[in-house]
Amino acid sequence: MSAARLLLVEDEQHIAAALCFNLRQEGYQVQQVDSGEQALQLLSRENFDLVILDRMLAGELDGLQVCQRIRRIEPQLPVLLLTALGEEAARIAGLAAGADDYLAKPFSLTELLLRIAGMLRRSAWYRPQYTELSRYRFGEAEVNLISGEACRAGQPFQLTDLELRMLKLFISHEGEILSRAFLLKSVWGMAPDTETRTLDNFIVRLRKYFEKKPARPRHFLTVRGRGYRFNPEG
């Protein structure tokens, strides 16, 4: 069995370095990022078995906001929230945002490892039940965010890996204007100054799949001179 892949979202470098070292010693594969924005970008194109998420993060998104967005694109992904706020109200807020477990700093490394092992074990037990939870609905469409199976107005179709990756990126940033540079780097890993029509072709395909009238889109909107915006309500 391959080692579980963990995503650590922690902007305090001394804590991040210590956690990465100890988690790797336990046999886990660990990738660490500093901000919520980086975490969402990574989750849109790679698969992880568990997220360890600090509540207080640098950047525009805090841990609660990141957790809420993770729940939209990965309803089945276990999330462990770390925070220096240990009072009851803070714990309730974290769980309400969608976290599966909550650990206050400073914490015992042994306790952290036991909680991670338990979350991964329970995740494996319940995985057969995730099919319905992984479904995202908007407009007349429904998409399985794991398999890429989709339908609109009763017509089924299959998204490619790249199409699904782009859709998940839009969902995790719903309502926000995403620049061409951001989309190119997040989905294809291209440099921000890359000139390509690939992105435009993918937008056309998403509109063809999901819009009732692709020439007059209501969900995948062009914001002239700035990029694109996803509006699930239409």
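Predicted model: local features only at pLDDT ≥ 70, side-chain atom pairs only at ≥ 80, totals over all residues.
Residues are numbered from 1 along each chain as its sequence is written, and side-chain values use heavy atoms, with hydrogens and water left out.

**Salt bridge of Arg-5 and Glu-46**
- The structure holds 15 salt bridges (a side-chain nitrogen of Lys or Arg within 4 Å of a carboxyl oxygen of Asp or Glu), including that of Arg-5 with Glu-46, where the closest N and O atoms are 3.0 Å apart.
- This pair links distant parts of the chain, 41 residues apart, with Arg-5 in strand E1 and Glu-46 in the loop between helix H2 and strand E3 (DSSP runs numbered from the N terminus, helices being H or I with at least four residues and strands E with at least two).

**Salt bridge of Lys-105 and Glu-10**
- Lys-105 forms a salt bridge with Glu-10, and their closest N and O atoms are 3.1 Å apart.
- The two residues are 95 residues apart, Lys-105 in the loop between strand E5 and helix H5 and Glu-10 in the loop between E1 and helix H1.
- Lys-105 counts as buried at 17% relative accessibility, and Glu-10 is buried with a relative accessible area of 0%.

**Salt bridge of Arg-71 and Asp-100**
- In the salt bridge of Arg-71 with Asp-100, the closest N and O atoms are 2.7 Å apart.
- Arg-71 is buried, with a relative accessible area of 18%, whereas Asp-100 counts as partly exposed at 46%.

Definitions and conventions. Buried < 20%, exposed > 50% of the residue type's maximum accessible area, 1.4 Å probe, protein only.
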